Amino acid sequence: MSTILLAGGAGYIGSHTSVELLSSGYDVIIADNYSNSCPEAVRRVEKITGRSVKTYEVDIQDKTALEAVFRENKLDAVIHFAGLKAVGESVEKPLLYYRNNIDTTLSLLECMNEYGVKNIIFSSSATVYGEENPVPYTEEMKRGTCTNPYGWTKVMMEQILEDASKADKELSVVLLRYFNPIGAHSSGMIGEDPQGIPNNLMPYVAQVAVGRREKLTIFGNDYDTPDGTCRRDYIHVTDLAKGHVKAVDYVLKNSGVEIFNLGTGTPYSVTEIVDTFEKVNGIKIPHVYGARRAGDLPESYANADKALRVLGWKTEKTLADMCRDTWNWQKNNPNGYNTAE
Ligand code: NAD
Ligand code: WQD
């Protein structure tokens, strides 16, 4: 069976993808510097699947250190999750974001080139559609103008990967544009564990539910949307992880660059998220309406037809599943992976 290197594989999406790849028979190797994750997540992946995962604690920017991973293993494909992802922080610290996100990509591509690894899947984002494109987004739309350095790193990395593939006809690249991943594995053993105050909606809601935060502030209710709050394409992280298994099957058999949206195609508003979370879990989420957050688009959602047509993938989980599984993870792990807190 093929061996897949997950760069940044100890993180939220990488850990869930590890479970699905291992369950599908792939061997998984994780390289991570644990800057936004911890080894405990990998131990739990092993518990869920009953399979072992080889890990390397390495900064993927550091090409010399990364070379050991390529030297010591016969890799069939790489999935590149390793990146910094906090939009607000990227505005404060643009150089940190450009350095980390671009350098990890360059080091991986250079090592792949040197060791003859010809398949890469990249964690891109719906953010590359920018401000200009109309919803629902389709893959052939031109990349747009981003409102923050995080988004620009994704635009730049897509370009780098496309150029690398043009220069090396054997290189197979899949760009996966994630929409808004939420939820957790149905076991409640792995989930999203943000450090500090959560930037994203669902982890914030979960921390209010568990009593770590007092109340949610809903950023703006005067948008031109059905209920005045922003609408997003929330996708269960297990559906997203299964999309990666299909993408691995695909990347191993093809060459060139292919782009896929990974979303449900159905948008929900902030209010609908709060209402559904309250209803399925029987918990009140105290909330207030506040000012708009800079850079937020009123609506973002996918046309997900291409992934169905080409990969045979579509989402299976409902918004109720996403809310239930988030709470199952959060209530079993009130302090995330840090049980000592
Ligand atoms: P995450 O922070 O949980 O996972 C990223 C992992 O990469 C972490 O384990 C972190 O320690 C590791 N990492 C970062 N820099 C590294 C480096 N230099 N060397 C080694 N390891 C490094 O984030 P996630 O939510 O799992 O996201 C994974 C990828 O998907 C990221 O590239 C992110 O930008 C992208 N993405 C995420 C979302 C989302 O909403 N979660 C949406 C679109 C795209
Ligand atoms: C969702 C909605 C907020 C928090 C971000 C990145 C994107 C992608 C996914 C990450 C918005 C509202 C939020 C809160 C709120 N990449 N909200 N109160 O902004 O759609 O996407 O994450 O790697 O690039 O931009 O997701 O979860 O932050 O916000 O009202 O406390 O919830 O205004 O409408 P977003 P989000």
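Ala, Val, Leu, Ile, Met, Phe, Trp, Tyr, Cys and Pro count here as nonpolar, Asp, Glu, Lys and Arg as charged, and the others, Gly among them, as polar. By that scheme, the shell around ligand 2 holds nine nonpolar, six polar and four charged residues, and the shell around ligand 1 has twelve nonpolar, 13 polar and four charged ones.

This is a predicted model, where local features need pLDDT of at least 70 and side-chain atom pairs count only at pLDDT 80 or more, while totals for chains, interfaces and linings use all residues. Residues are numbered from 1 along each chain as its sequence is written, chains are lettered from A and ligands numbered from 1 in the order in which they are written, and side-chain values use heavy atoms, with hydrogens and water left out.

**Ligand 1**

- Ligand 1 is surrounded by 29 residues, each with a heavy atom within 4 Å of the molecule; I13, D32, N36, S37 and Y150 are the closest.
- Backbone N or O atoms sit 2.9 Å from a ligand 1 oxygen at Y12 and 3.0 Å from one at S35.
- On its own, ligand 1 would expose 820 Å², and the protein buries 95% of that (Shrake-Rupley areas with a 1.4 Å probe).
- Helix 1 (12-23), helix 5 (94-115), strand 5 (119-125) and helix 6 (149-167) each give the shell at least two residues; helices (H or I, at least four residues) and strands (E, at least two) are DSSP runs, numbered from the N terminus.
- Strand 5 makes the largest contribution to that shell, three residues.

**Ligand 2**

- Around ligand 2 there are 19 residues, with Y150, L201, T217, R232 and D296 the closest.
- Taken alone, ligand 2 exposes 680 Å², of which the protein buries 88%.
- A backbone N or O atom of N199 is 3.5 Å from a ligand 2 oxygen.
- Strand 8 (residues 216-219) gives this shell the most, four residues.

**D62**

- Look for D62 in the loop between strand 3 (54-57) and helix 3 (63-72).
- D62 has a relative accessible area of 35%, so the residue counts as partly exposed, the range between buried (under 20%) and exposed (over 50%), with a 1.4 Å probe and protein chains only.
- K47 is 15 residues from D62 along the chain, and their C-alpha atoms are 30 Å apart.

Definitions and conventions: A polar contact is a pair of N or O atoms within 3.5 Å; within protein, one must be able to donate a hydrogen and the other to accept it, and residues adjacent in sequence count only if both atoms are side-chain atoms.
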